[in-house]
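Work through the exercises below with the sequence and the 3D view open. Try each task before reading its solution.

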Amino acid sequence: MRNIKGEPGDIAASLITGQRDGISDDTNNAMRLSGLSHILSISGFHMALVAATIIGSLRAVLALFPGFSARYPVKKFAAVIALIGSAFYLLLSGSDIAAQRSFVMLGVMLLAITVDRAAISMRNLAIAALITIAISPHEILGPSFQMSYSATAALICFYGWWSKRRGKDQRQKNS
């Protein structure tokens, strides 16, 4: 980020760290009015992107060694490394409450992978919510907590509905 000078460099740094210190009030207001201010905060998308990059890269590299990949659970190994990488990213980003909540949700998902459970499920969402409430119970009344968990629940419901619908369509085509 040292090569990008001025406010564009501050925006680029904010995309990685979530810190908006160098961004002017006018730019922050413009981003808020355009609906883009959420891009600058560390969120579930950022955490998922870090984890997906680590998992994808590690599985691709380990696929180059078929002997190793055939003997060891590469997916579980990649999930553990992604959890460690995401924890590092959480620390790097400053660990604000939204990033912590995203990390808890992602951590539950990655741990589910390591024990051969479905990564995306309402059970995992409930576990993540309980962990978040145990860590900071006052957040349950905040709009950030309510919106992130309700949005995630809606996405899980939609995914379940879509999967069933797609399966039904496939069965109809095959018959």
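The model is predicted: local features need pLDDT of at least 70, side-chain atom pairs count only at pLDDT 80 or more, and totals for chains, interfaces and linings use all residues. Residues are numbered from 1 along each chain as its sequence is written, and side-chain values use heavy atoms, with hydrogens and water left out.

**Exercise 1. The surface patch**

Solution. Helices here are DSSP runs (H or I, at least four residues), numbered from the N terminus. Step 3: F65 has 49% relative accessibility, so it counts as partly exposed. The classes are buried (under 20% relative accessible area), exposed (over 50%) and partly exposed in between, with a 1.4 Å probe and protein chains only.

**Exercise 2. The aromatic cluster**

Classify the ring pair F158 and W161: how are the planes set?

Solution. Step 1: apply the rule. Rings of Phe, Tyr and Trp (its six-membered ring) pair if their centres lie within 6.5 Å; planes under 30 degrees apart are stacked, over 60 edge-to-face, and the rest tilted. Step 2: the whole structure holds five aromatic pairs. One of them joins F158 and W161, at 5.6 Å centre to centre with 40 degrees between the planes, and is tilted. Step 3: F158 and W161 are three residues apart in helix 8 (residues 143-174), so about one helical turn separates them. Step 4: W161 also pairs with W162; their centres are 5.9 Å apart and their planes at 50 degrees, so this pair is tilted. Step 5: F158, W161 and W162 form one aromatic cluster. F158 is partly exposed at 47%, W161 at 46% and W162 at 35%.

**Exercise 3. The salt bridge**

How many salt bridges are there, and which parts does K76 tie together with D116?

Solution. Step 1: a salt bridge needs a side-chain nitrogen of Lys or Arg within 4 Å of a carboxyl oxygen of Asp or Glu. Step 2: the count is one. K76 bonds with D116 in this salt bridge, with the closest N and O atoms 3.0 Å apart. Step 3: K76 is in helix 5 (residues 74-93) and D116 in the loop between helix 6 (97-114) and helix 7 (122-135), so the pair ties together parts 40 residues apart in sequence. Step 4: K76 is partly exposed at 26% relative accessible area, whereas D116 is exposed at 59%.

**Exercise 4. The faces of helix 7**

Identify the buried residues of helix 7. Where do they fall around the axis of the helix?

Solution. Step 1: the buried residues are N124, L125, A128, A129 and T132. Step 2: seen down the axis of helix 7, they fall within an arc of 140 degrees, so they line one face. The arc is that of the directions from the helix axis to the C-beta atoms. Step 3: the face turned away from the buried side carries the exposed residues R123, L130 and A134.

Conventions. Helix = DSSP H or I, 4+ residues; strand = E, 2+ residues; numbered from the N terminus.
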